[in-house]
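I open the notebook with the coordinates loaded, and I mean to set down what I look up one entry at a time.

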Amino acid sequence: MVDYEPNGAGGVKAGVDMGGGFGEVTAVVQANISANGTGNDLYYRMNDKLYYTAERANDTKLIGAGWDMFNLLVSVGNMGGSAQPDLVCRDAAGALWLYQGRPDGQWETRIRIGSGGWNGMDRLAGRGDFTGDGKADLIARSTDGTLYIYPGTGNAVADATLGNRITVGKGWDAYVLLVSTGDNDGDGKTDLVASDKAGALWLFKGTGNPSAPFAPRTQIGTGGWGGFNTLF
């Protein structure tokens, strides 16, 4: 695993090797929980168990078992209105679930935020406000390459946490991985990062305008990013 910190101008700093031992991990996400919300903490799944480790902590906590029921996990920031970042998971039936975070790294009881059909999406991303209303949103790409924004309502209410989707555009199947790490370029707006099939890395700067949420792409990595099977 390699850590690439934002450089404040939209790109990334040189990678820092975080060590091995993640070969059996089937899902990993990052969330800012420890150190009053500034820690780069990790959740990762091995077999059916989910673990939490805080940045600069000396131990790793077992969150629980049964997490192999989900085929997709993504950190979405504060979507439910609490002070801690949340987790969105998709189950095998195509339903979407929200786990609100707690200060100890555990989760509140999950609520359903999508009743079905989410198996038609092959990528999810979040961790910020893409529409400019101050609420965390969800990015989803369909299997036909169409990208959507699902605006967050800020309410942790079953089947009412996401609003009506906004179509960003087609052609997003040109990218292998999609991820949002928040504001990459320091302009106060949430950005999207994508790796393409040639291994290049691209930044889509957020505009905060729901009708045109991203500026034209900027290349921030010339090659080699195809060697990673996940970005978070």
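Entry, Val 25. I looked up the accessibility of Val 25 and got 17% relative accessible area, so Val 25 counts as buried, a class that means under 20%, with exposed over 50% and partly exposed in between (1.4 Å probe, protein chains only). Val 25 lies in strand β3; strands here are DSSP runs of E with at least two residues and helices are runs of H or I with at least four, numbered from the N terminus. Leaving aside neighbours within four places in sequence, I found Val 25 in contact with Tyr 44, Arg 45 and Met 46, where contact means heavy atoms within 4.5 Å. I also noted that Val 25 and Asn 47, 22 residues apart in sequence, are 7.5 Å apart in space, C-alpha to C-alpha.

Entry, provenance. This is a predicted model, in which local features need pLDDT of at least 70 and side-chain atom pairs count only at pLDDT 80 or more, while totals for chains, interfaces and linings use all residues. Residues are numbered from 1 along each chain as its sequence is written, and side-chain values use heavy atoms, with hydrogens and water left out.

Entry, whole chain. I counted one helix and 18 strands in the protein chain. The radius of gyration is 17 Å, close to the 17 Å that the globule rule gives for 232 residues, so the chain is as compact as a globular protein of that length; the radius is taken over C-alpha atoms, and the rule is 2.2 Å times the number of residues to the power 0.38. Buried residues make up 47% of the 232 residues, and of the contacts with a separation of 6 or more, 34% join residues 24 or more positions apart.

Entry, Thr 161. I placed Thr 161 in the loop between β13 (147–150) and β14 (166–169), and its relative accessible area of 0% makes it buried. Its side chain reaches the backbone oxygen of Val 157 at 3.1 Å. Beyond four places in sequence, its contacts include Met 79, Leu 98, Ile 111 and Ile 113.

Entry, Asp 159. In that loop between β13 and β14 I also found Asp 159, which is partly exposed at 40% relative accessible area. Its phi is positive, about 60°, although it is not a glycine. I keep in mind that most residues other than glycine have a negative phi.

Entry, second largest pocket. I read off a volume of about 160 Å³, the space filled by probe spheres set on the points, with points joined across faces, edges and corners. A pocket is an open set of points on a 1 Å grid over the protein atoms alone, with protein on both sides within 12 Å along at least five of seven lines, and lining residues have an atom within 4 Å of a point. β3 (25–32), α1 (34–37) and β7 (70–77) each supply at least two lining residues.

Entry, Arg 127. Among the residues lining the second largest pocket I found Arg 127, placed in the loop between β11 (121–125) and β12 (138–142). Arg 127 is buried, with a relative accessible area of 16%, and has a positive phi of about 70° although it is not a glycine.

Technical notes. Polar contact = N/O pair within 3.5 Å; in protein donor to acceptor, adjacent residues only side chain to side chain. 1 Å grid on protein atoms, 1.4 Å probe; cavity = no way out; pocket = protein on both sides within 12 Å on 5 of 7 lines; lining within 4 Å.
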